[in-house]
Amino acid sequence: MKLLKSKKKTTADATTAHEAHAAPAAAVKKLTGPAAAAEAAMQKKAKDHLWMHFARQSGMAAGNGVPIIVKGEGHHIWDSLGNKYIDGLSGLFVVQLGHGNQRLAEAARKQAEELAFFPLWSYAHPTAIELADRLADYAPGDLNRVFFTTGGGEAVESAWKLAKQYWKLVGKPMKHKVISRAVAYHGTPQGALAITGIPGMKEMFEPLTPGGFRVPNTNYYRAEEMGFHGTLEEFGQWAANRIEEMILFEGPDTVAAVFLEPVQNSGGCFPPPPGYFQRVREICDQYDVLLVSDEVICAYGRTGYMFACEGFGYVPDIITSAKGLTSGYSPLGAMIVNEKVYAPFTEGTTAFYHGYTFAGHPVSAAVALENLNIFEEEGILEHVRENSPKFRAALERLLDLPIVGDVRGEGYFFGIELVKNKETKETFSEAESERLLRGFLSKALFDAGLYCRADDRGDPVIQLAPPLTIGPAEFDEIEGILRKVLTEAGKLL
(Lines give C-alpha, C1' and ligand atoms only; values in the text may rest on other atoms or scores of the structure.)
Protein backbone atom coordinates (compact mmCIF):
# COMPACT_ATOMS: atom_id res chain seq x y z
CA MET A 1 0.00 0.00 0.00
CA LYS A 2 1.42 3.38 -1.01
CA LEU A 3 0.90 6.41 1.16
CA LEU A 4 1.32 10.00 0.10
CA LYS A 5 4.79 10.92 1.24
CA SER A 6 5.38 12.68 4.54
CA LYS A 7 8.73 14.41 4.63
CA LYS A 8 10.69 13.25 7.62
CA LYS A 9 11.76 16.47 9.24
CA THR A 10 11.63 17.92 12.71
CA THR A 11 10.35 21.30 11.52
CA ALA A 12 7.05 19.69 10.75
CA ASP A 13 4.51 22.24 11.96
CA ALA A 14 6.36 25.40 11.44
CA THR A 15 4.43 27.55 10.94
CA THR A 16 2.54 30.38 10.41
CA ALA A 17 3.72 33.16 8.26
CA HIS A 18 6.69 34.21 10.34
CA GLU A 19 9.55 32.12 11.71
CA ALA A 20 11.06 33.17 15.03
CA HIS A 21 14.52 33.60 13.51
CA ALA A 22 13.33 36.31 11.10
CA ALA A 23 13.13 39.95 12.07
CA PRO A 24 9.68 41.49 12.52
CA ALA A 25 8.38 43.79 9.82
CA ALA A 26 10.51 46.63 11.14
CA ALA A 27 11.04 48.03 7.66
CA VAL A 28 7.45 49.24 7.65
CA LYS A 29 7.63 51.24 10.85
CA LYS A 30 10.45 52.12 13.18
CA LEU A 31 9.94 53.08 16.80
CA THR A 32 11.85 55.83 18.54
CA GLY A 33 12.27 57.13 22.09
CA PRO A 34 10.34 55.43 24.94
CA ALA A 35 8.40 53.23 22.51
CA ALA A 36 11.64 51.83 21.09
CA ALA A 37 12.98 51.22 24.59
CA ALA A 38 9.78 49.42 25.60
CA GLU A 39 9.96 47.25 22.47
CA ALA A 40 13.60 46.36 23.15
CA ALA A 41 12.76 45.43 26.75
CA MET A 42 9.88 43.21 25.64
CA GLN A 43 12.04 41.48 23.04
CA LYS A 44 14.73 40.83 25.66
CA LYS A 45 12.21 39.27 28.04
CA ALA A 46 10.96 37.04 25.24
CA LYS A 47 14.50 36.06 24.30
CA ASP A 48 15.45 35.34 27.92
CA HIS A 49 12.35 33.49 29.09
CA LEU A 50 9.69 32.65 26.48
CA TRP A 51 9.73 29.17 24.98
CA MET A 52 7.91 29.41 21.66
CA HIS A 53 5.67 26.59 20.41
CA PHE A 54 6.67 24.75 17.22
CA ALA A 55 9.54 27.17 16.69
CA ARG A 56 13.30 26.97 16.64
CA GLN A 57 14.64 28.44 19.86
CA SER A 58 17.94 29.12 18.09
CA GLY A 59 16.08 31.80 16.21
CA MET A 60 15.07 33.43 19.48
CA ALA A 61 18.63 33.38 20.72
CA ALA A 62 20.38 34.60 17.60
CA GLY A 63 17.71 36.49 15.64
CA ASN A 64 16.42 40.02 15.67
CA GLY A 65 13.32 39.27 17.68
CA VAL A 66 9.89 37.82 17.33
CA PRO A 67 6.71 39.50 16.04
CA ILE A 68 4.68 40.58 19.06
CA ILE A 69 0.96 40.85 18.32
CA VAL A 70 -0.69 43.41 20.58
CA LYS A 71 -4.16 44.10 19.16
CA GLY A 72 -6.92 42.58 17.06
CA GLU A 73 -10.01 44.11 15.53
CA GLY A 74 -12.28 42.34 13.06
CA HIS A 75 -10.06 40.52 10.57
CA HIS A 76 -6.98 42.62 11.31
CA ILE A 77 -4.16 42.32 13.84
CA TRP A 78 -1.43 44.79 14.82
CA ASP A 79 2.09 44.14 16.04
CA SER A 80 4.02 46.05 18.69
CA LEU A 81 5.63 48.21 16.00
CA GLY A 82 2.23 49.46 14.84
CA ASN A 83 2.07 47.41 11.63
CA LYS A 84 -1.33 46.15 10.48
CA TYR A 85 -1.99 42.71 8.98
CA ILE A 86 -4.90 40.70 7.64
CA ASP A 87 -5.44 37.70 9.89
CA GLY A 88 -5.64 35.09 7.16
CA LEU A 89 -5.53 32.15 9.57
CA SER A 90 -8.01 33.23 12.27
CA GLY A 91 -5.14 33.08 14.76
CA LEU A 92 -4.84 29.31 14.33
CA PHE A 93 -8.15 28.30 12.70
CA VAL A 94 -9.87 29.72 15.78
CA VAL A 95 -11.20 33.30 15.65
CA GLN A 96 -14.41 32.59 13.72
CA LEU A 97 -16.14 35.87 14.58
CA GLY A 98 -13.04 38.03 14.31
CA HIS A 99 -11.09 39.95 16.93
CA GLY A 100 -12.42 42.46 19.44
CA ASN A 101 -15.99 41.17 19.66
CA GLN A 102 -17.51 43.02 22.60
CA ARG A 103 -20.34 40.56 23.16
CA LEU A 104 -17.91 37.69 23.70
CA ALA A 105 -15.72 39.78 25.99
CA GLU A 106 -18.75 40.85 28.00
CA ALA A 107 -19.99 37.27 28.32
CA ALA A 108 -16.62 36.30 29.81
CA ARG A 109 -16.64 39.25 32.22
CA LYS A 110 -20.17 38.62 33.41
CA GLN A 111 -19.59 34.91 34.04
CA ALA A 112 -16.27 35.49 35.80
CA GLU A 113 -17.99 37.80 38.26
CA GLU A 114 -20.73 35.26 38.98
CA LEU A 115 -18.76 31.99 39.03
CA ALA A 116 -15.17 32.12 37.82
CA PHE A 117 -14.39 28.43 38.23
CA PHE A 118 -15.75 25.09 39.31
CA PRO A 119 -14.77 21.63 38.03
CA LEU A 120 -17.00 19.04 36.42
CA TRP A 121 -15.66 16.32 38.71
CA SER A 122 -18.97 14.98 40.07
CA TYR A 123 -20.40 18.52 40.12
CA ALA A 124 -21.89 20.71 37.42
CA HIS A 125 -22.59 24.37 36.73
CA PRO A 126 -25.23 26.03 34.53
CA THR A 127 -23.09 27.14 31.60
CA ALA A 128 -21.66 23.65 31.05
CA ILE A 129 -25.13 22.14 31.23
CA GLU A 130 -26.60 24.65 28.80
CA LEU A 131 -23.70 24.28 26.38
CA ALA A 132 -23.86 20.49 26.42
CA ASP A 133 -27.57 20.70 25.64
CA ARG A 134 -26.91 23.16 22.80
CA LEU A 135 -24.15 21.06 21.22
CA ALA A 136 -26.29 17.91 21.42
CA ASP A 137 -29.01 19.76 19.50
CA TYR A 138 -26.55 20.75 16.77
CA ALA A 139 -24.85 17.36 16.49
CA PRO A 140 -26.20 14.86 13.94
CA GLY A 141 -27.93 11.58 14.70
CA ASP A 142 -27.93 10.52 18.34
CA LEU A 143 -24.65 12.19 19.32
CA ASN A 144 -26.17 13.48 22.54
CA ARG A 145 -23.43 13.17 25.16
CA VAL A 146 -20.85 15.94 25.57
CA PHE A 147 -17.53 15.51 27.37
CA PHE A 148 -15.63 18.80 27.70
CA THR A 149 -11.89 19.31 27.37
CA THR A 150 -9.76 22.45 27.15
CA GLY A 151 -8.52 21.92 23.58
CA GLY A 152 -8.44 19.77 20.48
CA GLY A 153 -5.54 17.49 21.32
CA GLU A 154 -7.24 16.64 24.60
CA ALA A 155 -10.49 15.88 22.76
CA VAL A 156 -8.66 13.45 20.46
CA GLU A 157 -6.84 11.87 23.39
CA SER A 158 -10.17 11.49 25.19
CA ALA A 159 -11.77 9.84 22.17
CA TRP A 160 -9.09 7.15 21.88
CA LYS A 161 -9.21 6.41 25.61
CA LEU A 162 -13.00 6.27 25.46
CA ALA A 163 -12.92 3.90 22.49
CA LYS A 164 -10.55 1.54 24.30
CA GLN A 165 -12.67 1.45 27.43
CA TYR A 166 -15.91 1.12 25.47
CA TRP A 167 -14.74 -2.03 23.69
CA LYS A 168 -13.56 -3.55 26.97
CA LEU A 169 -16.95 -2.86 28.55
CA VAL A 170 -18.84 -4.56 25.71
CA GLY A 171 -16.65 -7.65 25.80
CA LYS A 172 -14.15 -6.95 23.01
CA PRO A 173 -11.00 -6.09 24.96
CA MET A 174 -8.59 -6.64 22.06
CA LYS A 175 -10.01 -3.73 20.06
CA HIS A 176 -7.51 -0.98 20.82
CA LYS A 177 -5.87 0.06 17.52
CA VAL A 178 -6.69 3.20 15.56
CA ILE A 179 -6.43 4.03 11.86
CA SER A 180 -5.75 7.50 10.52
CA ARG A 181 -4.39 9.03 7.32
CA ALA A 182 -0.93 9.86 6.05
CA VAL A 183 0.31 13.36 6.89
CA ALA A 184 -2.74 13.96 9.14
CA TYR A 185 -2.25 15.94 12.34
CA HIS A 186 -4.38 15.02 15.36
CA GLY A 187 -2.56 16.64 18.29
CA THR A 188 0.49 16.48 20.53
CA PRO A 189 -0.44 14.31 23.58
CA GLN A 190 1.18 10.88 23.43
CA GLY A 191 -2.00 9.16 22.29
CA ALA A 192 -3.03 11.83 19.81
CA LEU A 193 0.53 11.94 18.51
CA ALA A 194 0.37 8.22 17.80
CA ILE A 195 -2.70 8.92 15.66
CA THR A 196 -0.87 11.73 13.86
CA GLY A 197 0.59 10.69 10.51
CA ILE A 198 3.66 12.93 10.36
CA PRO A 199 6.88 11.01 11.18
CA GLY A 200 8.96 14.14 11.69
CA MET A 201 6.73 15.25 14.55
CA LYS A 202 6.93 11.92 16.36
CA GLU A 203 10.41 10.45 16.15
CA MET A 204 11.88 12.54 18.97
CA PHE A 205 9.14 11.40 21.37
CA GLU A 206 9.21 7.68 20.64
CA PRO A 207 8.24 5.18 21.86
CA LEU A 208 4.68 6.44 21.50
CA THR A 209 1.44 4.85 22.57
CA PRO A 210 1.25 1.70 20.43
CA GLY A 211 -1.58 1.00 18.04
CA GLY A 212 -1.63 3.79 15.43
CA PHE A 213 -1.77 2.76 11.75
CA ARG A 214 -1.87 4.86 8.58
CA VAL A 215 -3.76 4.74 5.27
CA PRO A 216 -3.60 7.06 2.21
CA ASN A 217 -5.18 10.50 2.47
CA THR A 218 -7.53 12.15 -0.03
CA ASN A 219 -5.09 14.40 -1.91
CA TYR A 220 -6.39 13.83 -5.44
CA TYR A 221 -3.74 16.17 -6.85
CA ARG A 222 -1.12 13.61 -5.77
CA ALA A 223 -3.23 10.48 -6.29
CA GLU A 224 -0.95 9.04 -8.97
CA GLU A 225 1.94 9.06 -6.50
CA MET A 226 -0.18 6.75 -4.34
CA GLY A 227 -0.65 4.38 -7.24
CA PHE A 228 -4.15 5.48 -8.25
CA HIS A 229 -5.35 6.42 -11.76
CA GLY A 230 -8.98 7.37 -12.35
CA THR A 231 -11.75 9.86 -11.63
CA LEU A 232 -12.27 11.81 -8.42
CA GLU A 233 -15.27 9.68 -7.48
CA GLU A 234 -13.29 6.48 -8.11
CA PHE A 235 -10.46 7.87 -6.02
CA GLY A 236 -12.83 8.38 -3.11
CA GLN A 237 -13.84 4.72 -3.20
CA TRP A 238 -10.23 3.61 -3.62
CA ALA A 239 -9.04 5.69 -0.63
CA ALA A 240 -11.90 4.48 1.56
CA ASN A 241 -11.23 0.87 0.62
CA ARG A 242 -7.67 1.23 1.87
CA ILE A 243 -9.23 1.63 5.34
CA GLU A 244 -11.02 -1.68 4.91
CA GLU A 245 -7.76 -3.22 3.73
CA MET A 246 -5.97 -2.01 6.87
CA ILE A 247 -8.74 -3.26 9.16
CA LEU A 248 -8.53 -6.70 7.58
CA PHE A 249 -4.74 -6.72 7.69
CA GLU A 250 -4.62 -5.84 11.40
CA GLY A 251 -7.68 -7.92 12.25
CA PRO A 252 -11.18 -6.45 12.84
CA ASP A 253 -11.16 -7.77 16.38
CA THR A 254 -8.19 -5.48 17.18
CA VAL A 255 -9.28 -2.18 15.57
CA ALA A 256 -11.16 0.22 17.84
CA ALA A 257 -11.63 3.35 15.74
CA VAL A 258 -10.90 5.30 12.58
CA PHE A 259 -9.95 8.96 13.09
CA LEU A 260 -10.55 11.25 10.09
CA GLU A 261 -10.80 15.01 9.62
CA PRO A 262 -13.65 16.03 7.29
CA VAL A 263 -11.13 18.23 5.44
CA GLN A 264 -7.60 17.13 6.29
CA ASN A 265 -5.56 20.10 7.44
CA SER A 266 -1.94 18.98 7.33
CA GLY A 267 -0.64 18.63 3.81
CA GLY A 268 -2.88 21.43 2.63
CA CYS A 269 -6.68 21.15 2.96
CA PHE A 270 -7.64 17.81 1.39
CA PRO A 271 -11.44 17.67 0.95
CA PRO A 272 -13.15 14.28 0.76
CA PRO A 273 -14.08 13.01 -2.72
CA PRO A 274 -17.80 12.42 -3.32
CA GLY A 275 -18.94 9.22 -1.64
CA TYR A 276 -15.78 8.82 0.43
CA PHE A 277 -17.30 9.18 3.88
CA GLN A 278 -20.38 7.16 2.95
CA ARG A 279 -18.09 4.25 2.05
CA VAL A 280 -16.03 4.74 5.24
CA ARG A 281 -19.24 4.62 7.30
CA GLU A 282 -20.19 1.33 5.61
CA ILE A 283 -16.78 -0.14 6.35
CA CYS A 284 -16.86 0.89 10.01
CA ASP A 285 -20.34 -0.59 10.42
CA GLN A 286 -19.35 -3.81 8.69
CA TYR A 287 -16.32 -4.44 10.91
CA ASP A 288 -17.70 -2.96 14.14
CA VAL A 289 -15.24 -0.04 14.28
CA LEU A 290 -16.01 3.42 15.68
CA LEU A 291 -15.82 6.36 13.29
CA VAL A 292 -14.37 9.52 14.86
CA SER A 293 -14.84 12.78 12.98
CA ASP A 294 -11.96 14.97 14.13
CA GLU A 295 -13.47 18.43 13.67
CA VAL A 296 -11.11 20.45 15.82
CA ILE A 297 -10.63 22.76 12.82
CA CYS A 298 -13.66 21.97 10.66
CA ALA A 299 -16.49 22.42 13.19
CA TYR A 300 -18.29 25.64 14.12
CA GLY A 301 -18.63 27.16 10.69
CA ARG A 302 -15.22 26.64 9.11
CA THR A 303 -16.77 24.63 6.26
CA GLY A 304 -20.16 26.38 6.41
CA TYR A 305 -21.83 23.98 8.86
CA MET A 306 -21.90 23.71 12.61
CA PHE A 307 -20.34 20.28 12.17
CA ALA A 308 -18.63 19.49 8.89
CA CYS A 309 -19.88 15.90 8.85
CA GLU A 310 -23.36 17.34 8.24
CA GLY A 311 -22.18 19.06 5.08
CA PHE A 312 -20.48 15.91 3.81
CA GLY A 313 -23.45 13.68 4.63
CA TYR A 314 -22.21 11.23 7.25
CA VAL A 315 -22.91 10.54 10.92
CA PRO A 316 -19.88 9.53 13.02
CA ASP A 317 -19.91 7.82 16.40
CA ILE A 318 -17.76 10.52 18.02
CA ILE A 319 -16.97 14.13 17.12
CA THR A 320 -13.89 15.85 18.52
CA SER A 321 -13.95 19.64 18.44
CA ALA A 322 -12.39 22.80 19.92
CA LYS A 323 -10.94 26.01 18.39
CA GLY A 324 -13.94 27.85 16.89
CA LEU A 325 -16.29 26.78 19.70
CA THR A 326 -15.44 30.00 21.54
CA SER A 327 -13.90 31.89 18.61
CA GLY A 328 -10.73 31.71 20.69
CA TYR A 329 -11.92 34.08 23.40
CA SER A 330 -11.44 31.37 26.03
CA PRO A 331 -10.01 27.81 25.79
CA LEU A 332 -12.52 24.99 25.33
CA GLY A 333 -12.88 21.68 23.55
CA ALA A 334 -15.63 19.08 23.38
CA MET A 335 -15.95 15.39 22.57
CA ILE A 336 -19.50 14.53 21.49
CA VAL A 337 -20.54 10.87 21.68
CA ASN A 338 -23.48 8.83 20.44
CA GLU A 339 -25.80 6.81 22.65
CA LYS A 340 -24.25 3.47 21.67
CA VAL A 341 -20.84 4.44 22.98
CA TYR A 342 -22.29 6.15 26.05
CA ALA A 343 -24.60 3.31 27.06
CA PRO A 344 -22.09 1.04 28.94
CA PHE A 345 -21.15 3.97 31.19
CA THR A 346 -24.67 4.22 32.60
CA GLU A 347 -24.50 0.88 34.38
CA GLY A 348 -23.42 0.01 37.92
CA THR A 349 -20.13 1.45 39.15
CA THR A 350 -18.67 2.07 35.69
CA ALA A 351 -16.96 5.44 35.21
CA PHE A 352 -14.77 7.06 32.57
CA TYR A 353 -11.73 7.81 34.75
CA HIS A 354 -10.52 10.69 32.70
CA GLY A 355 -10.82 14.46 32.83
CA TYR A 356 -9.14 17.87 32.97
CA THR A 357 -9.18 20.53 35.67
CA PHE A 358 -10.24 23.36 33.39
CA ALA A 359 -12.50 21.35 31.06
CA GLY A 360 -15.94 22.93 30.69
CA HIS A 361 -14.69 26.03 32.50
CA PRO A 362 -17.67 28.28 33.40
CA VAL A 363 -16.21 31.32 31.63
CA SER A 364 -15.31 29.34 28.51
CA ALA A 365 -18.75 27.75 28.37
CA ALA A 366 -20.43 31.15 28.74
CA VAL A 367 -18.34 32.52 25.89
CA ALA A 368 -19.19 29.50 23.74
CA LEU A 369 -22.91 30.00 24.32
CA GLU A 370 -22.69 33.65 23.28
CA ASN A 371 -20.53 32.67 20.30
CA LEU A 372 -23.25 30.28 19.13
CA ASN A 373 -25.91 32.94 19.72
CA ILE A 374 -24.06 35.28 17.36
CA PHE A 375 -23.69 32.50 14.79
CA GLU A 376 -27.46 32.13 14.68
CA GLU A 377 -28.40 35.81 14.89
CA GLU A 378 -25.96 36.92 12.19
CA GLY A 379 -26.35 33.91 9.88
CA ILE A 380 -22.65 33.03 9.96
CA LEU A 381 -23.08 29.53 8.51
CA GLU A 382 -25.16 30.83 5.63
CA HIS A 383 -22.63 33.62 5.04
CA VAL A 384 -19.79 31.10 4.69
CA ARG A 385 -21.75 28.83 2.36
CA GLU A 386 -22.78 31.79 0.18
CA ASN A 387 -19.31 33.31 -0.04
CA SER A 388 -17.09 30.21 -0.16
CA PRO A 389 -17.36 29.89 -3.97
CA LYS A 390 -16.25 33.53 -4.29
CA PHE A 391 -13.27 32.88 -2.00
CA ARG A 392 -12.33 29.83 -4.07
CA ALA A 393 -12.67 31.80 -7.30
CA ALA A 394 -10.40 34.57 -5.98
CA LEU A 395 -7.72 32.06 -5.01
CA GLU A 396 -8.06 30.11 -8.25
CA ARG A 397 -7.05 33.25 -10.14
CA LEU A 398 -3.57 32.49 -8.80
CA LEU A 399 -3.43 29.33 -10.92
CA ASP A 400 -2.02 31.46 -13.74
CA LEU A 401 1.23 31.71 -11.74
CA PRO A 402 3.86 29.06 -12.62
CA ILE A 403 4.52 28.32 -8.93
CA VAL A 404 0.86 27.55 -8.08
CA GLY A 405 -0.05 23.93 -8.76
CA ASP A 406 -3.36 23.43 -6.99
CA VAL A 407 -6.03 25.29 -5.01
CA ARG A 408 -8.25 23.14 -2.80
CA GLY A 409 -10.41 23.25 0.29
CA GLU A 410 -13.92 23.93 1.52
CA GLY A 411 -15.80 26.78 3.18
CA TYR A 412 -13.30 29.32 4.52
CA PHE A 413 -10.48 26.76 4.62
CA PHE A 414 -8.16 26.59 1.60
CA GLY A 415 -4.69 25.44 0.68
CA ILE A 416 -2.53 26.54 -2.24
CA GLU A 417 0.04 23.92 -3.23
CA LEU A 418 3.29 25.29 -4.62
CA VAL A 419 5.23 23.38 -7.26
CA LYS A 420 8.59 23.57 -8.96
CA ASN A 421 7.20 22.43 -12.30
CA LYS A 422 3.50 22.87 -12.96
CA GLU A 423 3.37 20.51 -15.93
CA THR A 424 4.95 17.56 -14.11
CA LYS A 425 3.74 18.55 -10.59
CA GLU A 426 7.37 18.27 -9.47
CA THR A 427 7.67 19.43 -5.88
CA PHE A 428 10.60 20.93 -4.00
CA SER A 429 13.40 19.13 -2.21
CA GLU A 430 13.64 19.62 1.54
CA ALA A 431 16.45 22.13 1.08
CA GLU A 432 14.49 24.02 -1.57
CA SER A 433 11.38 24.00 0.60
CA GLU A 434 13.40 25.37 3.50
CA ARG A 435 14.69 28.22 1.36
CA LEU A 436 11.32 28.92 -0.22
CA LEU A 437 9.11 28.82 2.86
CA ARG A 438 11.33 30.01 5.67
CA GLY A 439 13.93 31.81 3.64
CA PHE A 440 11.46 33.91 1.68
CA LEU A 441 7.71 33.30 1.73
CA SER A 442 7.00 33.38 5.46
CA LYS A 443 8.59 36.75 6.02
CA ALA A 444 7.55 38.18 2.66
CA LEU A 445 3.87 37.41 3.22
CA PHE A 446 3.97 38.86 6.71
CA ASP A 447 5.78 41.98 5.58
CA ALA A 448 3.22 42.38 2.80
CA GLY A 449 0.47 42.48 5.41
CA LEU A 450 -0.88 38.92 5.46
CA TYR A 451 -0.65 36.53 8.39
CA CYS A 452 -1.20 32.98 7.13
CA ARG A 453 0.63 29.65 7.15
CA ALA A 454 3.46 28.47 4.94
CA ASP A 455 3.48 24.75 5.65
CA ASP A 456 5.59 21.81 4.47
CA ARG A 457 4.13 18.84 6.30
CA GLY A 458 3.93 17.02 2.99
CA ASP A 459 4.39 19.25 -0.05
CA PRO A 460 4.76 23.05 0.35
CA VAL A 461 1.45 24.89 0.71
CA ILE A 462 0.06 28.25 1.74
CA GLN A 463 -2.94 27.79 4.03
CA LEU A 464 -5.75 30.28 4.52
CA ALA A 465 -8.56 30.20 7.08
CA PRO A 466 -9.69 33.79 7.73
CA PRO A 467 -12.44 34.86 10.14
CA LEU A 468 -15.88 33.76 8.95
CA THR A 469 -17.13 37.34 8.84
CA ILE A 470 -15.12 38.53 5.82
CA GLY A 471 -16.38 38.73 2.24
CA PRO A 472 -15.47 39.36 -1.41
CA ALA A 473 -13.59 42.62 -0.83
CA GLU A 474 -11.26 40.89 1.60
CA PHE A 475 -10.88 37.89 -0.72
CA ASP A 476 -9.60 40.21 -3.42
CA GLU A 477 -7.22 41.90 -0.98
CA ILE A 478 -5.81 38.53 0.11
CA GLU A 479 -5.44 37.41 -3.51
CA GLY A 480 -3.60 40.61 -4.36
CA ILE A 481 -1.05 40.13 -1.58
CA LEU A 482 -0.55 36.47 -2.49
CA ARG A 483 -0.13 37.31 -6.17
CA LYS A 484 2.57 39.86 -5.49
CA VAL A 485 4.56 37.64 -3.12
CA LEU A 486 4.16 34.41 -5.11
CA THR A 487 5.22 36.18 -8.27
CA GLU A 488 8.43 37.21 -6.53
CA ALA A 489 8.86 33.70 -5.16
CA GLY A 490 8.55 32.29 -8.67
CA LYS A 491 11.48 34.42 -9.81
CA LEU A 492 13.69 32.74 -7.21
CA LEU A 493 13.25 29.26 -8.69
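Predicted model: local features only at pLDDT ≥ 70, side-chain atom pairs only at ≥ 80, totals over all residues.
At what angle do helix α13 (residues 380-396) and helix α15 (residues 472-491) pack, and how far apart are their axes?

**Stop 1**

With α13 and α15 shown, look at the two axes: they are 9 Å apart, and the packing angle is about 20 degrees. Angles under 35 degrees count as roughly parallel, so α13 is roughly parallel to α15. The crossing of α13 past α15 is right-handed.

Next, show side chains at the contact. From α13, select Asn387, Lys390, Phe391, Ala394 and Leu395. From α15, select Pro472, Phe475, Asp476, Glu479 and Leu482, which the α13 residues meet. Coloured by class, the residues of this contact divide into six nonpolar, one polar and three charged.

**Stop 2: the second largest pocket**

Now move to the second largest pocket, which holds about 910 Å³ of space. To centre the view, select Leu120, Val146, Phe147, Tyr342 and Phe352; of the 26 lining residues, these lie nearest the pocket's centre.

Which elements each supply at least two residues of this lining? Select α5 (126-138), β4 (143-149), β10 (333-338) and α11 (339-342). Strand β4 gives the largest share, four residues.

Finish by colouring the whole lining by residue class. The lining of the second largest pocket has 21 nonpolar residues, four polar and one charged.

Note on methods:
Residues numbered from 1 in each chain as written. Heavy atoms only, no water. Axes fitted to C-alpha atoms, helices over the stretch in contact; angles between N-to-C directions. Parallel < 35°, antiparallel > 145°, perpendicular 65-115°, else oblique. Left-handed = near helix turned anticlockwise from the far one by under 90°. Contact = heavy atoms within 4.5 Å. Nonpolar A, V, L, I, M, F, W, Y, C, P; charged D, E, K, R; others polar. 1 Å grid on protein atoms, 1.4 Å probe; cavity = no way out; pocket = protein on both sides within 12 Å on 5 of 7 lines; lining within 4 Å. Points joined across faces, edges and corners; volume = space filled by probe spheres on them.
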